[in-house]
Each structure stands twice: as structure tokens, then as C-alpha cells.
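Let's take a walk through this protein together. Have a look at the model first, and then we'll go through it piece by piece.

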Number of protein chains: 2
Amino acid sequence: MPQLRVAMAQVDTTVGDLEGNVRAVREWARRAAREGAHLALFPETAVTGYPVEDLALRRSFVDASKRAVGRLAGELADDGLGEMVVVVGYVDRAEHDTRPGGVGRPRGLPQNCAAVLHRGRVVARYAKHHLPNYGVFDEYRIFVPGDDLLVVRVRGVDVAVAICEDLWQDGGPVQTAGDAGAGLLAVLNASPYERNKDDVRLELVGRRAAEAGCPIAYVNAVGGQDELVFDGDSLVVDAERRVLARGPQFGEALVVADLELAAADTSPDWVGEVQRVTISDQPVPAYEPLPAPLHEPLPDVADVHAALVLGLRDYVRKNGFRSVVVAVSGGIDSALVASLACDAIGAQHVVGISLPSGYSSQHSRDDAAELARRCGFEYRQYPIAPMVDAFLATVPLAGVAEENLQARVRGTTLMGLANQEGHLALATSNKSELAVGYSTLYGDSVGGYAPLKDVPKTLVWALSRWRNEQAAARGEQPPIPESTITKPPSAELRPGQTDQDSLPPYEVLDAILEDYVEGDRGRAEMLADGFDAEVVDAVLTLVDRAEWKRRQFAPGPKISYKAFGRDRRLPISSRWREPTVGPALAPPVVASEAAREALA
Amino acid sequence: MPQLRVAMAQVDTTVGDLEGNVRAVREWARRAAREGAHLALFPETAVTGYPVEDLALRRSFVDASKRAVGRLAGELADDGLGEMVVVVGYVDRAEHDTRPGGVGRPRGLPQNCAAVLHRGRVVARYAKHHLPNYGVFDEYRIFVPGDDLLVVRVRGVDVAVAICEDLWQDGGPVQTAGDAGAGLLAVLNASPYERNKDDVRLELVGRRAAEAGCPIAYVNAVGGQDELVFDGDSLVVDAERRVLARGPQFGEALVVADLELAAADTSPDWVGEVQRVTISDQPVPAYEPLPAPLHEPLPDVADVHAALVLGLRDYVRKNGFRSVVVAVSGGIDSALVASLACDAIGAQHVVGISLPSGYSSQHSRDDAAELARRCGFEYRQYPIAPMVDAFLATVPLAGVAEENLQARVRGTTLMGLANQEGHLALATSNKSELAVGYSTLYGDSVGGYAPLKDVPKTLVWALSRWRNEQAAARGEQPPIPESTITKPPSAELRPGQTDQDSLPPYEVLDAILEDYVEGDRGRAEMLADGFDAEVVDAVLTLVDRAEWKRRQFAPGPKISYKAFGRDRRLPISSRWREPTVGPALAPPVVASEAAREALA
């Protein structure tokens, strides 16, 4: 069987930075050539970054992408890499419209494509067949689907090409790759991280390899892009479902694997809509294979932490910031955010500010100062009483409105410093708070990026404990003060207030939210799961009523099956309430208090 | 030819309010029966409201919709309306999946359906074939497409049924309705308002009627739903493109038309995937037809005003508010918002607050007070100097950061009053400001709803003038002070500041924005249109850099071809800049000043 050295470059490209992305592809192609690769694979739309969203609808953008990949082919040849076959994702234009006529088709016929580069030329292209249009994906909106299969003969091996979603859907390119007698299926991906998705992907790649009857080389993007984090974890799995190579997670890497592959059948039975391009029939002379890397995926919690760090680092970098500012209260959410920021960009680029009021406990102030000392970031205090008093002297506010005022004075101070000093302001709200509206719009929710947006409170604790244990295991001081982790959570907006005055215990709340938000389960199903009807009704009412606040919240990294943001699209103006089974319940008592800022 | 009296009920239903919507359908069906209608048509998904967004993915919701339409059928019969045939839109569940297998298909197989109700039963159902997935629409995400055609025989006339997008796409149900020999094509719609779309729709309905070879009865929803406004404007157009009936815009109405229609061919040549249901073969005895209404559509500007008023009124009502609060500065944007609010919900439900600083000119304060006097809303003043001074004594802010501070003190005051008194806070930013980022996040941009979100500044002036002229023509006092309209616009955040210090004239700015935002045109095309390269570069840079601010902005009514919000989905982290033609230009000078709050 012919041998082939395949290099999978899991690179971190930036949306719209065509020049920088092409430079990155050249650099990683050079490394692949140095490693002796015959075939180098890059992620889905590596040239444009992923996802390009509605930029695909602009002709100038599609033209630039097309030109960039042509230029890249020439530059690789100039670099002396022309003999290596490179497959890279980009955006191109369809030659004909594969959709029925009428309005609303993507203008300019953009397609999500793979280009095969060899000896200075684009020798073949493949357009993605299956366009994901669920969850965070909007590809049916912006792309025209492809309808051809591509098989490229490389050193006597028939290599079929597919892109990401093509692998997730039954039939289609995987099936036809098998029918076409491919010796290898190369799949370019930009598959965002989700908890436990690494297991799902591994199982999927193995199953599809068995279906196709040949190994699959699965190369995935890495890096943060707005609400998505790509985790790498590139794979080669053979038709017997053996993992032949596995890349690291959450970092750029070149994953090189020596594969023995079926020789191309020069007279295949299969004929059909397959585009066949022969680059070289001549197999590589036999050589001694090198062992391929077999990285173990990170365990749960560790992987979430790595995703949050990478997402934050890339958001800062890709938006041209050099530093962040966080309001540290002494509570667990802001402590974890500050610690993540130090891990992401270094404590010297982090400013923590304490904004105490008369309701702030001494232990909170002490914990905030201790956090800063342990992490080593710059720390300043600005008591908010003078500003709050100035408002109250002018505008008569009381109760929840006064609580919101305190939060907004803090938000205004935080944003003032961010503007004055050029920091990115980080929001510290977590997913549980966001779900039930337990935050003040334009108050504690301000910021350009929200690292914990998709992290429920119980996971905030788990991440904090995990981070401290990691430090301890390395003989370092744990960054987060123990009392920050153990004390009962409180917004400290009135004397003696704790979150559990207005919300169920977080273990219960998070379990209900997982059913309702991530699982899209209805009330009846949740009661069948054993949840208390009164608690469920109270929580669902809060979640439904807080949609307007979530709509104005900052982006943050998706780590769950369903994050708030583009992943979950619900109306604000909606009277839908989950139907009650049996007699209608009294209005839940916790609603008005817990929704610190009421809709009406 | 058999006669048929067709009633089109353009009703305003609320998303998720199944009980209220069913009640509304019953009420309008009663009116149709009183008018002697044989066939009553209701809009697309009238039972659930439109658009339901991801509620469609929840089984409990789809089940409730299905049950509601069954109950509705029974209740109409109980009301003695069982003989009238009613066609109404709702959400149902597909019997089989019409999509290829794999992940990401809409869970629970929701379909956008029409039910035909007669004598207490659902006698037929039709599922929409074409699912719009462009612009503001996400239907391919949430629905499974239908693949059957439905023809219902009503009093000897074959009535084909289609839903909204089915009409916009070539071929499909319109084509097959013609082939099936239908005497009438009934199309249920929830087609959102856009400037000039009434002309496009009229042309489309005429063209499709000619293709189908029979009249089309086109019933459209009315009312505001988050960022959409449905304008009604229901139509009957025959195969010769004659308008036989036309309903009013922006109001609920029953549009009744007496039609003479081709008798059903009892042995049609056409056989295929058509579901044929016979309700009655017996034609209606001949009767004297009544004249049908032929409303003229509103002229431009008048229709935009009506859309903004309806959108605002429905947002307030559907979200359970009774009043709004607006910060009135004496400038044109807040004046128009306050005037719209008075038109929408009555001046007695509007509170205007003036938040002057040392930079606020006397003429601005006078204009704000005069506006309140003319409109008759409650007016209060809260000078912001004490709060601003309290901040500056604690946090050293200067320049743009100090300007932003003023705006945020105003935002905090506005939201405090909204929370304290239970008002909906209205944001006053217009589309031009939102485009170039000429606003302060959490400052002048705060609010739960933004009436001018999709209204460019030049149109703000046109609307204000139009509203004043209307008042004058009716012998009323024009609501907006003349000096508010004529003075040069200024944010008044520093002495002598005007918008034109940092932005091109609004006529030029709005023309560029129309090309770039609504037209998705690239730089080269815009230069070919005759725009100055330096101005274009400056504006494009501002627009690209302000995406993060727009992402946290409130919803507001779409009135243009492309609104900010779900209509235009772009990445925040993006290095894409329109390629310059010829030598690269120096960085635009206006960028740092105009973006009152810089990203970095």
C-alpha cells in the first residue's frame, strides 16, 4: 500500500484578515514541508477566518478571498513548496446557482470551498455540500451549496475532500467518497468547542471512516472568534476506528501522520458527479514511518478553563486591545474572571478595581485585595458613595431602583476607566444570572466581553477550585482566596443580602436551567424529571422575562450545547408561558425580587 | 362563473399568546360571517404570532399550537360559524422529515402551516414549501418544509393555499396551483413592512396571479413584533393584474371582496402530489356583489411614520408597559421620539426628562420645554452637574472619556426613573449614529426600545417636517419646535460642539451608508458612484469599528431594506477592511473624534 505523510495544521486565523491568514498558511506550510509532508491540510475557510457571517454577501470580500488563494498558490511555489499538495479552506463564488430561483438567495453566490494547491496553481476546488443552519450556524443564509464530489490523486492515492458539516450529515460526500474508492478522506473543519464534544467528534469520525472504508484526516481550526472557541483536536482515524493521530487542544499545532493507504484503482466502477484530478500517480518510495502524536484530550473542567482562556486571549488580541479592566468585588465571579484574564494575557495587562459601597462587607474588600495580591495585577479602590449620594440627592430612587443605581454607578466608573486608559472592560455575569435576569442592565452587566456568559454558577465554583488545585499541584499559590469560594454568594446591594434570598440554591437552579435552556424541555417533562413545580414555574418565568436584558449583553465564549446569544433565538415580545399541568399555580413569590431589574 | 365572498382579516396577534390569538380569530371570524363571507382568510401563523423563532423547537409549544387550532375549529362551530370556511396559519408537526438525515434538523419537526376549518373540524392542512432564510428570516433553521399542494373545493371553486414565501419563489406552489386548475389562490402572509415594499408586493402578486391564471387573495398580518412591523395592505389581484380589493395599512381590518371565479373542473388533467379536499361542490346562488375597498397605500414618509407609531405602540403593549420615559435634549432625535410616543400611546402616558449640563445651550433647554408644552407630556428637569462632578472628584476622566461620562450619568438617571416608576425607557439614537458609532454605550444609547434605530438622520428631519405639516394642515399646533428642526445638530458634550465637527454632512453620510449598509456595496463600487474616496474610507472605518456597540443596542422597528440587528449579521472580531484601489490612503482624520467612544 502506498505511503503518504499527511500534515494537519490546526491554525488560529482571524476573520477578514486575508493577508495575515495567508501569511500564517505559508508559515505552517513551510513547517509541514520541513517535516517532509506530501499533503498538508488546513482548516475550513482558513484564508478568510470562520465564521465570515454576512461578509460573504459582499462581492468585494468574495473576490478578495478568491484572489488571496490564487496568490497563496503562487507564493507557496515561490517558497519552494510547490511539490507538496496543500488543501486549504476559503470562500469562492459558485459558477451556477444550485438553489431554486426567486428572492433571498445569497447575492454573488458565495460558497464555502476547499482549494487544492500544487506547483503554484489552484488545481481543484470543492464546495461544501451540507450547510449547517442550526445552533450558532447560519450557513444556509450565506452560502450556496456545492453538488460535486472531488477526488484528487496524490502519489497514487485517491484523496476525497469534504468540509465539516459534510461529515455530520448522513449520506452525501462521505458515502460517495467510499463509493468512489478513495484511499483517504480529508475533512477541513471549523468545529467550535462544546463540553464533551471531543467524544462526539471522535465517535463520528470513526463511524464515518468505517462507512467510507478508508481513514479520515480531520483537521480542525483553533482559536477564539467572538462567541466561538475552536479547540483543534485534529484526528486521523482509520476504517477500523483506530485513532492513528490526535493533535493537542486549544493551541496551534502541526499534526503529522505517516499513513499507509489503499492504492488508487485506476479503473473504478463508480461513475457519477465526481471531479477527478490527478496530481501524481507515482507512489512515494517506501520509507520508515515516524510515530504520530496521540494527545489525550483534556479532562472536563480543565478543557472548559482552557477554552475560556483562549477565547478571552483571542478576543483581546483580535480586537486590538492590550489590557483589560475588571471590577473585583471579592465575589467568586469577578475573582474567576480576573484569574482567567491573568492566565490569558498576563497579570501585568490586567487592572482590577474595587468599587465598594456601604453595603460591601469588610471580608469582600479583603478578599478582593487578596485576590489582586495573589494574582499580581494592579489594584485600585474607588468608593461609590459620593456618586450614589449625588444621584439620590437629585433623583428620588428607592428599593430595586436604588439597588440598580449602585450597580450602574459601578458600571459607569468601570467604563470611564476603560475609555480613559484604553482597556477592554470585562463583564463578570455568569450564565445562571443571565438566565434569570439577576443583574442590572448597564450596571454589573457592562463590558465588551463576558468570559462567564455560558458558565453556570456551579461550574464557576468548580473552575475556581480546579484552578486553585492546579496551582497547588505546581507548588504555586492558589490565585483565588479560599473564603471567596466558600462564602455564600451575595450582590451586596442591601444589608445582609444573599442570592439565596431570591433564588433557589444554585445546584437546583442550574439543573433546571440545563433542562430548560440547553435541553429545550417543557414544563411537563421537567416535572417528570422530579423538579418541584413551584420552583420550576418561578425559574421559567424569570428566564422568559429576562430575554430583553440578554439581548443587550456582551458576547462571551460558548462552552455548552446551547449558549445565550445566536445559539438561542427567542422573541422579546412573547406571551408564551409553559402550560401548567393541573391547577394553575399562584404567581411565584421570588419573581419580583430576583429580577433585580423588573421589565415593567 | 361561481361567486364567492372572501374576507381577509388582517389581525394583530402576539407571539406566544395562543389563547388571546384564538380569541381574536374568533372575533374577526364573527365579523366576517356577519358580512356574509363564504371564505375567511387569516394571516400566516396567526394562532402563534409571527415570528415564533426558536419557540418552534420546543415540543410543548408546537403541541399547544396544534391543540389551539383544533379547539378553534370547535369554537367557531359553537359560535354558529361552522358553514364558513376559515383558513388560518399556525405551527404544526410534520408527519415525516422532508430533509436528509443527520444532525441539526429542527427537533420535533415543526412546520409553518395553514389549517382549513369547517363545521368544527380541521378538514385540511398545508405546510409552507419555501422557508425564507435571509434578511431577518430564520425559517430554514426552525421549520421542516412541506412538499404537498392543497386544493380545497369551496362552493364549487377550487381554492389553492400557499404561505408567504411560496409566492416569492419561482415555481413551486404558485406554478402547481395553476397546473391544478385552481379558481383562486389564497396566500397567508406575515410580510414585514419595508419602505417601498408595497409596490414590490403589488407587482409580485399581479405577476403570480398571471402565472397561476387565477386571482390571488393575499392576506397580510398587521402590528409590531420586536424589530418587525407588519403593515397589512391585504390585496386581491386577478390574472389580468387588476387590483380587485386592497386593505388599509397599519391597522386591523376586514377586507371583503366579492369574486367571480372559475368553476372547478371535476376532471382535471393535472395529477400529482396534490391533496384535494371537497367541502362543497354547490355554487353559491347568484347574488349582487358589493363594491370592495380599494385603499390607496400611504405615500412615502407618511408610511414610515405610521410604521414607527405602530411598532412603538405594540412593543409597549405586548410587553406589558403602560408608559414610556424619554430624555429630551432639545435636539431633533429625542423630539421626534417623544412626538412618536405621544402619537402611539397618548401624551398622558409619556414622561420627558431634561438632563442639562453646563454644555447644554439655553436654546436646547427652551426647545425641550417647548416640545413638552406643545405635545402635552409631563416634563421634568434633573441637572446632571452634581453627579458628573462626584464622578470626576473620584475618577480622573478627561476628553472623550469625560464626554462619555456625561452621557452615562444621563443614561443612569433615565433608567433609574424607568425602574422606579415602571416606564419603558426609549432610546433616541438614529441609524446614522448607530452606523458610525456616534453614541456612548450605556449612555445616550440606553433604553428598552429604539424607535429610530433604522431611521437615518436625513429621514429624521423629513419625518419631523412631515409631522408638523400634518398638524398644521389639521389646524393643530405642530408638535416639534421649528428651531429644533433648523438648528445644526450637536451632542452638546463640550462647548460649541456640532456633529459636523467629526462627521461629513448628513446628506453625504446617509447616501454612503445606504450604499454600504443597505446595498452591501464595496468601496470600489462606491467610488464609481462618485463618492469622495477619503470620506468613504473614513465612514467605512467607523461603521466597521462600531459593530460591538450595535450588538448591545436595543431593538427597534425595521423600515429599510436592511436594518441593524438580525437583518445584518457581521462579526465583531474582524480585520476585514474594504480594499483600497490605488495607493493606500492616510488614516482618516475623523475616526477618533467621531467614534465618541473608541474601541481601543
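Start with two helices of chain A: α13 (residues 457–473) and α15 (residues 506–518) pack at an angle of about 115°, and their axes are 8 Å apart. Two packed helices are described by just these things, the angle between their axes and the distance between the axes. Axes here are lines fitted to C-alpha atoms, for helices over the stretch in contact, and angles run from 0 to 180 degrees between N-to-C directions. On the α13(A) side, the contact (heavy atoms within 4.5 Å) is made by A:Lys457, A:Thr458 and A:Trp461, while α15(A) brings A:Tyr506, A:Glu507 and A:Asp510. Sorted by class, that makes two nonpolar, one polar and three charged residues. Ala, Val, Leu, Ile, Met, Phe, Trp, Tyr, Cys and Pro count as nonpolar, Asp, Glu, Lys and Arg as charged, and the others, Gly among them, as polar.

A word on the ground rules: this is a predicted model, where local features need pLDDT of at least 70 and side-chain atom pairs count only at pLDDT 80 or more, while totals for chains, interfaces and linings use all residues. Residues are numbered from 1 along each chain as its sequence is written, chains are lettered from A and ligands numbered from 1 in the order in which they are written, and side-chain values use heavy atoms, leaving out hydrogens and water. Helices (H or I, at least four residues) and strands (E, at least two) are DSSP runs, numbered from the N terminus.

Now for the sheet. Seven strands of chain A form an open sheet with mixed pairing, in the order β13-β12-β9-β8-β7-β6-β15; two strands pair if DSSP finds at least two bridges between them. At the edges sit β13 (243–246) and β15 (274–278) of chain A, each pairing on one side only.

Let's zoom in on β8(A). What covers this strand's residues, in numbers?

β8(A) runs parallel to β7(A), joined by five bridges, and A:Val161 has A:Ala186 as its bridge partner. β8(A) also pairs with β9(A) in the parallel sense over five bridges.
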